[in-house]
Amino acid sequence: MSNSKSHHTRLNPLKFAMWIGMGSIMMMFASLTSAYLVRRAGGNWLEFSIPTVFYYSTLVLLVSSLCLHVGYSSYKKRNIPLYQGGLIAAFVLGCVFLVLQYQGWNELFSIGVDLKGNPSGSFLYVITGIHGLHILGGLAALVVSIINAFTLKKFTEKRKTNFELTLQYWHFVDILWVYLLVFLLMSR
Amino acid sequence: MASIITYDEKKLIKEDGFDDHFHEHHHGDKYQTGFIFKYIFSMDHKIIARQFLITGMIWAIIGAAMSIVFRLQLGFPEESLAWLKPILGRWILLNEETGIGTLDPQFYYALVTMHGTIIVFFVLTAGLSGTFSNLLIPLQVGARDMASPFLNMLSYWFFFLAGAVMMYSLFLNTGPFSGGWTGYPPLSALPQASSGSAGGMTLWLVSLVLFVVSVLLGGINYITTILNLRTKGMSLWKMPLTIWAFFVTAIIGLLSFPVLASGFFLLMFDRGLGTSFYLSDIFIAGQALDYVGGSPILYQHLFWFLGHPEVYIIILPAMGIVSEVLSVHARKPVFGYKAMVYSILAIAFLSFIVWAHHMFMSGVNPFLSNFFVIFTLIIAVPSAVKVFNWITTLWGGQIRLNSAMLFAIGFISLFVSGGLTGIFLGNSAIDIQMHDTYFVVAHFHIVMGVAAMFGMFAGIYHWFPKMFGRFMNETLGKIHFWMTIIGAYAIFWPMHYLGMAGVPRRYYRFDSFEAFEQFTAMNQFITIAAIITFGASILFVVNFFYSMNYGKKQKVRNPYGANTLEWTTPIEAGHGNWEGKIPSVHRWPYDYGKDGNEFIPQYVPLTEEEKLEESH
Ligand code: HEM
Ligand SMILES: [Cu+2]
């Protein structure tokens, strides 16, 4: 890419672009949660408690982020085994997160909260579902990082940037989930 | 003290320019080889700009042709449309005995809906902002290309795909979506509600979600390029107003289009998975549906949270183009440059807190409406600042009345006429009478539809040499202008009267309403004006393609004597835009007629006197 060297800003343009992209993903969830609030204010709102699995999944996702960070600092120190291990752990925990989210859905379903029916339930499914899709995107990026970790030999600037982009995104979807969980708990 | 500045462009850029070592390594050029990668899957912003433009033009012709068909229906409901049968097929209902063909009412609605969707999104968003942001951002800020040429290419192909899906929906058995460009539920949410709400609506949603992706990818690139890849010396306050406009447009798009996407997702769930986000207590054909607890107003909030900013996404690039064209061809600096920038920012900010003025009649709380009335009316202030500044830019200038300039002046006229009616509509009490009438149709066609088209025409005539190395034919251009401005006013001015008399928009025919019988002649007049104006557009298309191959050749790099950087590249600029160094920037782009110099390009260093002035 011819333009990745910027003339006078410190931030790499691609990382900057990622920040903007994160901003617009944030807008999407902001609109979903505002729609949630608006609809809830309208009454006829089914109350139920958040499945406990969601607490565990949150923990798993946070640890996953941590692992990726360990992988990243090991990459910088050229500690290859820990770098590769961190990446794989982050990926596996990301998958576990999705499984747990699905468990959460099952739990909801078993207490009679269906996707159809009262919008309070529908919103929960939709918000967690769309967040799950963003996790899926992150997992795809992690797969690429893992392949790089095992096949690439040279430590180039470009490789580091790509890794940092993945890291940035993965932390973002992690924090996004924490926001969503706190939002869902607060607005009961 | 007047002092004529002399300089040698090539020498100056060679000595003073910014060296990014671009030509030392041969990266990037790989994707420039071979026809397919050079013209189809191109990552060069100049090619992508042309792709956006030509795709946009094709959609413009389709969208405009649709309007002619439904105008025929409105102007001449009794005339036979049998001659359209070969094109429209089963959408023309043929009476076996008399041989008279009539437009299927269902298809009339589909035409109106598609016309709106196509023009708003494909022509005036992608075709306008996509074309000129791509062409001008790298060239005017002094960058080799976009921050991510690859994402830029994807942005075009997502737009293309969105178009392909929409096009396909036109040929469905049940027809394309027909519930209006705003796609309000419950009509749009229930496949059984109308034939257009079946497969047509599904494809409409898919197409527009793809379109949102395209806008986001493009916007991320535009913002990043503007903030990160400006050449040496190009501070924010030295950027041309075009760049400011594209920049703010991209920001608005990135903040509002994701909201539209969420609105669409919820609608998809309602349609496909049985949720009730927007639906409650509905009876169709005497049967109660089991959706409960939803609210169609929720959709309107989500839609208009994009929908209103969207109208500024459309008009801001046109405003930027007009500012630039006016200044270059009036040979005068833009009046009140900073005020222009601040009013762009103010308009952008306000555009996010006025959306409910589209919902005064949807049952939102009247006290809440007051809030929206006030902010809506406040938008008139920055808009008026801009109009004032354009007119003062023209004032006393040595105006070159070429086609680009004519369209830029036409833009001002239209923006004023259409903006004034906005102030009527912005008062919720007046809107009770005006809502959903032809008054609204007149308002937004003049202020947005035609005005933005004029901005686009001004830009095309002005930058045609930059895109194709040739000029468009001026005589045809002037005919195009006069026919279009007279035609557009002839079409939309009378609609204000229709609207004030209460004629509702989106009706198939009016001849069964006694109150509207007096308007038969007026409706015929509008239709004839529309056909003539459409003819003018065909003239433009002919001029465009003819000039591309046979137009007058561009012989010098800077034919207009303009200050901005795009005129320092070679006439047939290759990949990377500048052969050697990138010019570095020393001054704002509007030094026209300064100290006896007709124009001083941005790459010319300040003289000693100017430096002295600046430090005071
Ligand atoms: C002084 C500034 C403006 C004011 C106060 C204003 C006000 C309004 C109001 C209140 C409506 C809703 C009318 C109704 O549906 O009953 C409306 C409709 C509309 N306006 Fe404006 N407007 C202004 C400028 C603009 C501009 C600059 C654009 C576009 C560039 C624009 C585009 C539209 C569109 C597209 C609609 C109709 C949407 C639809 O219902 O299909 N307006 N305007
Ligand atoms: Cu509006």
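Let's start with Ser188(B): setting aside its neighbours within four places in sequence, Ser188(B) is in contact (heavy atoms within 4.5 Å) with Phe177(B), Gly183(B), Ser197(B), Met201(B), Leu267(B) and Arg271(B). Keep in mind that this is a predicted model, where local features need pLDDT of at least 70, side-chain atom pairs count only at pLDDT 80 or more, and totals for chains, interfaces and linings use all residues. Residues are numbered from 1 along each chain as its sequence is written, chains are lettered from A and ligands numbered from 1 in the order in which they are written, and side-chain values use heavy atoms, leaving out hydrogens and water.

Where does Ser188(B) lie? You'll find Ser188(B) in the loop between helix H6 (149–169) and helix H7 (199–228) of chain B; helices here are DSSP runs of H or I, at least four residues, numbered from the N terminus. With a relative accessible area of 0%, Ser188(B) is buried, a word that means under 20% relative accessible area with a 1.4 Å probe, protein chains only. A polar atom of its side chain sits 2.8 Å from the backbone oxygen of Gly183(B).

Now for the metal. The copper ion (ligand 2) has His308(B) (ND1), His357(B) (NE2) and His358(B) (NE2) as its protein donors, 1.9 to 2.0 Å away. Donors are N, O and S atoms within 2.8 Å of the metal (3.2 Å for Na, K and Ca), and water is not among the atoms, so sites may look incomplete. His308(B) belongs to helix H9 (residues 296–330) of chain B, while His357(B), 49 residues apart from it, is in the loop between helix H10 (337–351) and helix H11 (366–378). His308(B) counts as buried at 5% relative accessibility, and His357(B) does too at 15%.

Notes
Helices (H or I, at least four residues) and strands (E, at least two) are DSSP runs, numbered from the N terminus. Buried means under 20% relative accessible area, exposed over 50%, partly exposed in between (1.4 Å probe, protein chains only). A polar contact is a pair of N or O atoms within 3.5 Å; within protein, one must be able to donate a hydrogen and the other to accept it, and residues adjacent in sequence count only if both atoms are side-chain atoms.
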